[in-house]
Every structure is written in structure tokens, then in C-alpha cells.
Amino acid sequence: MRLGLVIAVVACGAYAAEDVATAVACTVKTIDEGAKTAVVKTADGTEHTFHFIGRTASHGTEATASGSKDAFRSMKEGDEVVVHYTEKGAVKTAQEVDHVGKDGLKTSVVAVKSVDRGAKTVTAKTEAGTEETYHLTASASRETAKGLDKAGKVTVYYTEEGGKKIAHFFKAN
């Protein structure tokens, strides 16, 4: 009985280790609603194909949507987005799509001063010389906040909610 439990725990740990969470800033190249996939292109020209599932969320458009059917309808070719995804083998599954620009995420180039992992905040100096504090979403904390204290200048993708700046994604410059 105990051996079976140990094997189950180890197997679950190995399975979870294969499911890597990350995010990427990109531009939508093509959308295939039938296959529930989207091809995107990063600034360096790399293309990624993402699969959408029933729980894929879409944020930052006029009509905030949730679910893969609506997530596709909220995107169009040429949109600038941040895709939060998991990867198992060669399959990348979109968990969330955040639109960038009007009605979506704002961007700012900042120099990271400090990271408070307990409070889930990042303090940074803006290009204008002011100091800002960004509160991390769970996905930003998990996916892109690692190594920020050594990153120097980064682009922060954020929203403003209740007088706070909420960081959704960080991209090294």
C-alpha cells in the first residue's frame, strides 16, 4: 500500500515537471479557429504555435472574453499580445492571452531596483527617473520574475487597478 502511494507521488511529480509554464510577447500571425491554434511571431522572428483549450482566458480587449471560442474571437492577425502558456514536449498550450496597447496592457522600460518575493512586488526606476512599485500577478511571479533582481533594464507589461500597477509580464531588454 505504501509503495503504491510512493510510486503515485513520484509519478505525479514527474508529470508536473514536464508541464513548464512561461510567457512570450509576440504578434499574432495567423489564427485557425477550426484547429484551435494560433501562430505568433516574436520580435526576433521566432514563430510559435499555440493550442487553445476551453479554459484559455483572454484579457485586455473591449469585450473581455474567456474560453477558447471567445479567446479566438478577441484576437486578430497583427495584434500585439503576451501569451502565457504551458509546454509539454513540443505542444504549447495557451493558458491566457493578454492584449497590449489601447484597452490592454501598458508597457514601460524600467531598471529593476529590488524584488520582494514575499510581498510579490518589484520596485523599479522609470526612464523619467521616478520610482514605481509593481505588484506581481501569480503568473508573472511564476513565469518571468525569476532573476529580475539581476536583470537590469526590462520592459514591464502592466495594468493599473485600484491605484496600483499590476505587472503581468517582464521581458529582458
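Strand S8, residues 121-126, is mostly covered, with five of its six residues buried. The model is predicted.

**Strand S8 and its partners**

S8 has an antiparallel neighbour in strand S7, residues 106-116, and six bridges join the two. Within this pairing, Ser114 stands opposite Thr123 of S8. S7 and S8 form a hairpin with four residues between them. Lys120 sits in that turn and has a positive phi of about 55 degrees.

S8 also pairs with strand S9, residues 131-136. The sense is again antiparallel, and the pairing runs over five bridges. Lys125 has Glu131 in S9 as its bridge partner. The hairpin of S8 and S9 has four residues between the strands, and Gly129 there takes a positive phi near 95 degrees.

**Positive phi in two further loops**

Most residues other than glycine have a negative phi. Lys36 is not a glycine, yet its phi is positive, about 55 degrees. Lys36 lies in the loop between strand S1 (20-32) and strand S2 (37-41). Its relative accessibility is 39%, so Lys36 counts as partly exposed.

Asp103 also has a positive phi, near 65 degrees. Asp103 is found in the loop between S6 and S7. With a relative accessible area of 44%, Asp103 is partly exposed.

**The loop between H2 and S5**

Ser74 lies in the loop between helix H2 (68-73) and strand S5 (80-88). Ser74 counts as buried because its relative accessibility is 14%. Ser58 is 16 residues from Ser74 in sequence, and their C-alpha atoms are 7.2 Å apart.

Glu77 is placed in the loop between H2 and S5. At 55% relative accessibility, Glu77 counts as exposed. Glu77 and Thr30 are 47 residues apart in sequence, but 5.7 Å apart in space, C-alpha to C-alpha. Beyond its neighbours within four places in sequence, Glu77 is in contact with Val28, Lys29, Thr30 and Ile31.

**Salt bridges**

The count comes to five salt bridges. Three of them are tabulated here.

| Pair | N to O distance |
|---|---|
| Asp79 and Lys76 | 3.1 Å |
| Lys106 and Glu160 | 2.8 Å |
| Lys165 and Glu132 | 3.4 Å |

Asp79 and Lys76 meet through their side chains. Asp79 is buried, with a relative accessible area of 11%. Lys76 counts as exposed, at 55% relative accessibility.

Lys106 forms a salt bridge with Glu160. The pair links distant parts of the chain, with Lys106 in strand S7 and Glu160 in strand S10, residues 153-161. The two are 54 residues apart. Lys106 is partly exposed, with a relative accessible area of 39%. Glu160 counts as partly exposed too, at 45% relative accessibility.

The side chains of Lys165 and Glu132 meet in a salt bridge. This pair also links distant parts of the chain: Lys165 is in strand S11, residues 164-172, and Glu132 is in strand S9. They are 33 residues apart. At 18% relative accessibility, Lys165 counts as buried.

**A buried glutamate without a salt bridge**

Glu96 is in strand S6, residues 91-99. Glu96 is buried, yet has no salt bridge. Arg142 is the nearest side chain of opposite charge, 7.0 Å away. A salt bridge requires a distance within 4 Å. Leaving aside its neighbours within four places in sequence, Glu96 is in contact with Thr56, Ala57, His59, Val82, Val83, His84 and His168.

Note on methods:
Residues are numbered from 1 along each chain as its sequence is written. This is a predicted model: local features need pLDDT of at least 70, side-chain atom pairs count only at pLDDT 80 or more; totals for chains, interfaces and linings use all residues. Side-chain values use heavy atoms; hydrogens and water are left out. Buried means under 20% relative accessible area, exposed over 50%, partly exposed in between (1.4 Å probe, protein chains only). Two strands pair if DSSP finds at least two bridges between them. Lys and Arg count as positive and Asp and Glu as negative; His and the chain ends are not counted. Contact means heavy atoms within 4.5 Å.
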